[in-house]
Structure formats: C-alpha cells, structure tokens
Amino acid sequence: MPLEIVTVPCLSDNYAFLAHDAASGDTAVVDAPEAGPILAELDARGWTLTHVLITHHHWDHVDGLADILVQHKATVLGAAADAERLPKLDIALAEGESVTIGGEEGVVLDVSGHTVGHIAYHFPASGVVFTADSLMALGCGRVFEGTMPMMWDSLSKLAALPPETVVCSGHEYTAANAKFALSVDPGNRALTSRAKAIEEAREMGTPTVPSILSEELATNPFLRASDPDFKAVMGMAGADDAAVFAEVRTRKDNF
Ligand code: ZN
Ligand code: FE
C-alpha cells in the first residue's frame with residue numbers, strides 16, 4: 001500500500017505534508033512551518049506522529065517543531081551536513097541514506113542550492129518526492145547559499161526520477177511562477193494550458209501543490225534549461241545546461 005499523503009497548508013503560503021502508512025500506523029510530517037495546522041490534521045485523522053523529516057534550516061520549515069514534539073514523541077531526521085543549524089536531530093542523514101516509514105524506504109537526495117544542506121526525500125514505492133524549496137511547482141527556490149551549478153545539479157537529480165513521481169514542494173508560489181514562466185517561454189503550449197489551470201485552481205482556493213514531475217519537465221523553465229529548443233528560445237543555443245539555468249534563475253530574481 002502506498003503512503004497516504006496529506007497536504008497541510010501552513011502560515012501564509014507554506015505546505016507541510018503528512019505521509020501515513022496504514023499498515024503500521026507510522027506517520028511522518030515533512031517540515032514543520034507551524035504546529036497548529038499540523039496538530040489539527042493529526043487529531044482529525046487520529047494519527048500519532050512517529051517521524052519528522054526536515055528538509056532545510058529556514059524558519060518557515062522548522063519553527064513549529066518544538067510545539068509538535070510536546071504532543072508527539074516523534075523521531076526527528078534531517079541533514080547531517082547542516083546539523084548545527086537544524087533543530088536537534090535524532091537521526092542525521094547523508095545523501096543515499098534511507099528513512100523507513102512503516103514498510104517503506106525513502107532515499108535522501110542532497111538538493112543543495114537554496115541552502116547548503118537542503119535535502120529531499122524520495123519514496124520510490126509510493127512514487128513521491130518531498131522537495132520543499134528545491135524543485136517547486138513551475139519554479140525552484142532562490143539560490144541563497146549555494147551556487148548556480150550546485151542548484152542545477154540538484155534539480156537534475158530530481159528531473160531524473162520517474163516522470164510519474166508526485167512532487168510535494170514547500171510553497172504555494174505557483175501563480176507567480178506561471179507569470180514568470182510565460183514571460184520566458186511564451187510559445188510553450190503545455191505551459192499555457194497549465195497556467196490557465198493554475199489560475200482556475202487559485203480562484204477556487206485549491207492548492208496547486210503537489211504536481212507531477214512529467215508536467216514540471218514539460219513546463220518548468222528551470223528544468224527546461226537542458227532542452228535545446230528552450231535554449232534557443234532563451235537566445236542561448238548550444239550553451240551549457242547550467243549556464244542556461246543560471247540565466248533563467250537570474251531573470252526570475254529580477255522579474
Ligand atoms: Zn527555504
Ligand atoms: Fe521556504
């Protein structure tokens with residue numbers, strides 16, 4: 001049985017996710033932007049938290065943790081490489097190491113760039129990856145701490161996952177991301193129709209996260225940096241993938 005995934009809106013535009021294994025009762029939360037909505041969702045479902053999977057050190061992903069742990073004695077996991085900036089970890093993880101939720105193994109990917117020490121959690125059997133502020137719906141996190149080639153390398157790892165993978169990212173930034181994406185890739189029909197669907201979803205107050213990796217590959221300009229057609233659209237035919245990514249990221253920073 002695949003993990004049951006529940007999206008939990010937090011703060012003004014953050015998402016946490018519950019991942020529940022029905023057979024064992026194990027329940028993980030990915031990130032802890034604020035305690036209230038996460039505790040309420042656990043209560044409503046009668047689930048007890050067993051694991052907290054932290055993606056990176058930013059306050060909007062960890063500030064709810066202490067209050068959650070008062071009510072749930074969960075094991076806290078996060079990146080060994082960033083342990084000194086994260087809340088106290090019970091298990092410190094490096095790339096390639098695994099996390100077990102019930103019967104299912106998740107694999108840790110180093111997706112540094114937004115921060116150095118940002119990790120993602122990929123659960124292959126359930127076909128889901130938790131990316132927080134690395135790969136986002138139609139976007140990617142701003143490169144605050146790492147380098148452009150580092151972020152490109154991180155996005156490339158995520159792009160190589162099975163295309164049907166469900167991408168659970170950390171923020172509802174998709175409508176703004178769509179405006180930018182259309183500005184750099186106006187001739188992309190898949191993007192035009194996705195942007196319309198996003199607009200409709202947001203009018204209804206429906207989350208646009210999670211998304212599917214295949215739609216990101218077709219429409220997310222940050223993943224399209226390796227596509228020769230997109231390079232031509234960017235006026236960078238023949239350029240390095242990482243250089244095209246850096247140009248797209250720089251244009252977004254200035255958009
Ligand atoms: Zn962040
Ligand atoms: Fe964030």
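Visitor: Leaving aside its neighbours within four places in sequence, which residues is V99 in contact with?

Guide: This is a predicted model, in which local features need pLDDT of at least 70 and side-chain atom pairs count only at pLDDT 80 or more, while totals for chains, interfaces and linings use all residues. Residues are numbered from 1 along each chain as its sequence is written, chains are lettered from A and ligands numbered from 1 in the order in which they are written, and side-chain values use heavy atoms, with hydrogens and water left out. With contact meaning heavy atoms within 4.5 Å, V99 is in contact with L53, L77, L93, E104, E105, G106, V108, Y121 and F123, once neighbours within four places in sequence are left aside.

Visitor: What is the largest nonpolar core, and which residues have the most contacts inside it?

Guide: A nonpolar core is a set of buried Ala, Val, Leu, Ile, Met, Phe, Trp, Tyr and Cys residues joined through side-chain atoms within 4.5 Å, and the largest one here has 43 residues, with I38, V99, Y121, F123 and F130 having the most contacts inside it. Its largest share, five residues, comes from strand β2 (residues 14–20), a strand being a DSSP run of E with at least two residues and a helix one of H or I with at least four, both numbered from the N terminus. Apart from this core lies another, of 28 residues, among them L135, M151, V167 and V248.

Visitor: Why is the pair of F17 and F130 called tilted?

Guide: Rings of Phe, Tyr and Trp (its six-membered ring) pair if their centres lie within 6.5 Å, and planes under 30 degrees apart count as stacked, over 60 as edge-to-face and the rest as tilted. The centres of F17 and F130 are 5.8 Å apart and their planes are at 50 degrees, so the pair is tilted. F17 lies in strand β2 and F130 in strand β10 (residues 128–132), so the pair ties together parts that are 113 residues apart in sequence.

Visitor: What makes K157 partly exposed?

Guide: K157, which is found in helix α4, has 25% relative accessibility and therefore counts as partly exposed. Not counting residues up to four places away in sequence, K157 touches E95 and D110.

Visitor: Why is α4 called roughly perpendicular to α9?

Guide: Axes are lines fitted to C-alpha atoms, for helices over the stretch in contact, and angles run from 0 to 180 degrees between N-to-C directions. The axes of α4 (residues 148–159) and α9 (residues 241–253) come within 9 Å and cross at roughly 105 degrees. That makes α4 roughly perpendicular to α9, since angles under 35 degrees count as roughly parallel, over 145 as roughly antiparallel, 65 to 115 as roughly perpendicular and the rest as oblique. Residues making the contact include M151 and W152 of α4 and F245 and R249 of α9.

Methods
Buried means under 20% relative accessible area, exposed over 50%, partly exposed in between (1.4 Å probe, protein chains only).
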